[in-house]
Amino acid sequence: MAAYKRIDHIALHVKDLTASIKFYESHFGFENYFEHDTPTGIQIAYLKLGDTVLELVGRADAANGGFHWCLETDDFDGAVAGLDAAGVEVLQPPHKTSAREPREENWRRVVFKGPDGEMIEIRG
């Protein structure tokens, strides 16, 4: 079996690539660092946040309900307050979450809704 190292990226199908790039840059601090069109004409953008890569795939039929991904923060209250102030919809209000490892003791989580129905969890 091959030795895998890490997840290289997570991909989301989005209806409006430009609007989604702006959403992730302005609300979460991602930086759009590469865009291209596939041979079949699908537009793709790659956004970075530290070592995390988010691939946005422009598709008119995008639907991401039931899918979620998670960002970790050292300023949970600040992250929640900033997203609330920006009007990003809350799907699950802040609540305690179980620690999977000792560094996660007393962490909380919240889930927000992205522009195409994707669920964005914040933990910290």
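The following questions and answers concern a predicted model.

Reader: In what order do the strands of the open sheet lie, and which are the edge strands?
Author: The open sheet has four strands with mixed pairing, in the order β1-β4-β3-β2. Two of these strands, β1 and β2 (31–37), each pair on one side only. The edge strands are therefore β1 and β2.

Reader: Which residue is the bridge partner of glutamate 31 in β3?
Author: β2 and β3 (residues 43–49) pair in the antiparallel sense over six bridges. Along this pairing, phenylalanine 34 stands opposite tyrosine 46 in β3. For glutamate 31, the bridge partner in β3 is lysine 48.

Reader: In the hairpin of β3 and β4, which glycine takes a positive phi?
Author: β3 and β4 run antiparallel and are joined by six bridges, with leucine 56 in β4 as the bridge partner of alanine 45. This hairpin has two residues between the strands. The residue with a positive phi, near 65 degrees, is glycine 50.

Reader: At about what angle to β3 does helix α1 run?
Author: Helix α1 comprises residues 17–28 and lies across β1, β2, β3 and β4 (52–58). Its angle to β3 is about 5 degrees.

Reader: Does isoleucine 7 count as buried or exposed?
Author: Isoleucine 7 is placed in the segment before β1 (10–14), and together with Ile10 and Phe67 it makes a nonpolar surface patch of about 250 Å². The cut-off for the exposed class is over 50% relative accessible area. Because isoleucine 7 has 62% relative accessibility, it counts as exposed.

How values were computed: Residues are numbered from 1 along each chain as its sequence is written. This is a predicted model: local features need pLDDT of at least 70, side-chain atom pairs count only at pLDDT 80 or more; totals for chains, interfaces and linings use all residues. Side-chain values use heavy atoms; hydrogens and water are left out. Patches are made of residues with over 30% relative accessible area and no salt bridge: like charges are joined within 9 Å, nonpolar side chains (Val, Leu, Ile, Met, Phe, Trp, Tyr) within 5 Å. Accessible areas come from the Shrake-Rupley method with a 1.4 Å probe; for residues, only the protein chains shown count as cover. A salt bridge is a side-chain nitrogen of Lys or Arg within 4 Å of a carboxyl oxygen of Asp or Glu. Buried means under 20% relative accessible area, exposed over 50%, partly exposed in between (1.4 Å probe, protein chains only). Contact means heavy atoms within 4.5 Å. Axes are lines fitted to C-alpha atoms, for helices over the stretch in contact, and angles run from 0 to 180 degrees between N-to-C directions.
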